[in-house]
Amino acid sequence: MPDKTIMIRATRYDPEKDDQPRLQSYEVPFYDESMVVLDALNHVKSHIDGSLSYRWSCRMGICGSCGMMVNGTPKLTCNAFLRDYWPRPVTVEPLNNFPVIRDLVIDMDDFMHKLKSIKPWIIRKQELPLGAGEHRQTNEQIDEFRQFSECINCMLCYAACPVYGLNSEFLGPAATALARRYNLDSRDEGLKQRLPVIADSEGIWECSFVGECSVVCPKGVDPAKAIQQTKLDTTMRFVLPYGNRE
Amino acid sequence: MDFETYDVLVVGGGLAGIRAAIAAVEANPRVRVGMVSKVYPMRSHTVSAEGGAAAAIGPGDSYETHAFDTIKGSDYLADQDVVEAFVREAPVEVIQMEHWGCPWSRNPDGSIAVRPFGGMTTWRTCFAADKTGFHMLHAVFQTSLKYPQITRHDEAFVTKLLVEDSRCIGVVALDIRTGRFDAITAKSVILATGGLGRVYAFTTNGNICTGDGMSLAYRAGAGLKDMEMVQFHPTGLPFTGILITEAVRGEGGYLLNNQGERFLKRYVPNKMELGPRDIISRAMITEFEEGRGFDGPHGKYMHLDVRHLGEKMIDRKLPFMRELGREFVGIDIVKDPIPVRPVQHYMMGGVDANISGETEILGLYAAGECANVGLNGGNRLGSNSLSECLVFGAAAGRAAAHYASSAKAVTANPVDAMLWDEARRVESEYLEKKGGAERIGPIREEMQREMDAGAGVFRNKEGLSRLARNLGGLRERFEKVKVDDSSRTFNTEIVAALELDFMLEVSSVIAFSALAREESRGAHARTDFPERHDDRFLKHTVAFHTNTLAPRLDYRDVKITHFQPQARTY
């Protein structure tokens, strides 16, 4: 083993054997300044203990698989650098606020249902035929929704959200941001269909202006803004004359 | 025993797979479609595609030039009828993606914008900034949620294709969360499992790109075509292999050696940075060998320089590159050159399939990177693969739905026995095995090192023979592998073992196919046979499974329509 090592403490939990999750420590060689927490987990799995379970794929911050709590903060482990923690140990746990399937693997079925519930597709009264070509949309119109379209569904915002932690009925940051992404798209006419789902969902009014979701987002999405805008939309729905309620 | 049954079953949830699923439903709304993916669909490796999707929609563009560029880029190994059909469908598919919400970057008048790309003679690459694959995948996945006919099986790993009387009737899949083996039957099955980059150590590909569909089809008796044709992208970040998009050069970035020289003037003088990937990767390795690379802690590299483009343009068109530079290299590409070197990126080879995605096995289809429909030949042009996923995903979906509409239903009788046999095989080979001193990780790492060394940018007989031999040794060690994890719940080690089994299989096919092609064509550069030999090798290699590691190799003529092979210079 090279001189420099780092201590990784990872959650172990196998529902077939364990009543409670526990932390297990592994000493991992820290041989390159470019190493990330995910590299350390991969070293454990390849060379120390093949039974450690976690999800990962792209290792470039875009597939959204490898979100975990790193020293208590929700992070993509593929861009959480060991050099920022060494020589202290790194504690890696499954994302907060989710049921745990195994070790570092969370159950995100709840989000998958919520994603579908907000109808995340273009809704139009009349679909444009393919032969008519593209909808005209300027880059400025794309800028209206661009940041909300950058969500990689990594679940860090849910792990950081105090409201979701207390009430899992809350639609939550990412799903609200994605609803906003479609509502702001100049090609879309589905606001009226989505608003009841997003505005009347439990929890949206409990969302304080804490904005932890926006702080932890690795892609610069601001779900807190989406939630506040949604509240405003909902309020406007009741104060605007009938014809303008879209 | 109960099992799920569908009309069409799609294996893989990336761009080709989801496009196929939607096409099947739109072709026939009564068709029930299942989609099995080993990850949630939005994690599929399409998500990492950056630069764009090619389609002849720009002013002054034509089908003919897109076809010719693709065929020349393929070093004449593409089937020209397939290319001609592809270039006609690609613009339709790009518009379809637009209607499904893909945020394509636009011209000032609101139409879809195009950018230059390598090997293309005109601007024809549609893009969503530099996260095109991400935006396309999320758009198509989210759109797929509106079809009640599509049922997903997320995080299920297909271990075997069910084939009866030469007809594919479904799959056996391991439900990763519960450890249960399920038979999922269907009248037709579409493989859309992506590439195999993880057989190499230095690759842009994500951890999930392990050649599953290719190996499944090969073992079921289908051919694997042109497996010697492996693409190395010129610009990967040293150490991680993270992709720096070709769009960086498309937008005007320079490739510089340690003399500060745009060295491509010696290799592709008319194209410079917009030459095709195979030639630029070879040029970089040659420069390294002649002492004109930079030396870094992770080997030799070149500079990719965009500083002259300015911050505003970089933020508009290459924001993800700036983010990757900042986060993974600690540089600001507005102020610093990007260190890059050639990296495994894409597999031209794949499951032998025709223009409709049909394989040699009745009821079995393939699309996307796991397939070889004859589009890419010896070298794929950048931005043709996202379009390929759309065009041939849709074609396979329609063909599979059509076949399913008339095919007879799958009967339960043989399926039960096949499921039982397959579950017993996996359990006895991995879960219940006592003893066995070998571990998965070290075997995988050694395979990856061997592939980098033997089947890289340049190959020769000696290296490929050694590779084939050493892969045989690794296969023997793999037989003695011991899995630490005995749990049924989310056992990622057994998934890794199954993936390694597949990777060793396809690696051998690459080695033997490459050994037999005694010429240089496209990405297959033999130092011992530096010339292209159309008389012997204007042919597809088709590899079939045998009882040994060496496949039986067959050769098939390339389809030529309008473009006679010429010397390939740029």
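Colleague: What does chain A average in pLDDT?

Modeller: The average for chain A is 92, and 94% of the residues score at least 70. This is a predicted model, in which local features need pLDDT of at least 70 and side-chain atom pairs count only at pLDDT 80 or more, while totals for chains, interfaces and linings use all residues. Residues are numbered from 1 along each chain as its sequence is written, and chains are lettered from A and ligands numbered from 1 in the order in which they are written.

Colleague: Into which domains is chain A divided?

Modeller: They are domain 1 (5-106) and domain 2 (109-244), with bounds from an automatic or database domain assignment. Their C-alpha centres lie 30 Å apart. Domain 1 of chain A gives 10 residues to the contact and domain 2 of chain A gives 13.

Colleague: Changing topic, how many residues of chain B are in contact with chain A?

Modeller: There are 48 of them, and they meet 45 residues of chain A. On the chain B side, α3 (80-99), α4 (132-144), α9 (319-329), α12 and α14 each supply at least two residues. Helices are DSSP runs (H or I, at least four residues), numbered from the N terminus. The largest share, five residues, comes from α3(B).

Colleague: And at what angle do α12 and α14 of chain B pack?

Modeller: Helix α12 (residues 440-454) and helix α14 (residues 492-516) of chain B pack at about 25°, with their axes 10 Å apart. Axes are lines fitted to C-alpha atoms, for helices over the stretch in contact, and angles run from 0 to 180 degrees between N-to-C directions. The two helices are therefore roughly parallel to each other, a term for angles under 35 degrees.

Colleague: Which residues meet there?

Modeller: Among them, B:I440, B:I443 and B:M447 in α12(B) belong to the contact, as do B:L500, B:M503 and B:L504 in α14(B).

Technical notes
Parallel < 35°, antiparallel > 145°, perpendicular 65-115°, else oblique. Contact = placed C-beta atoms within 7 Å. pLDDT = per-residue confidence, 0-100.
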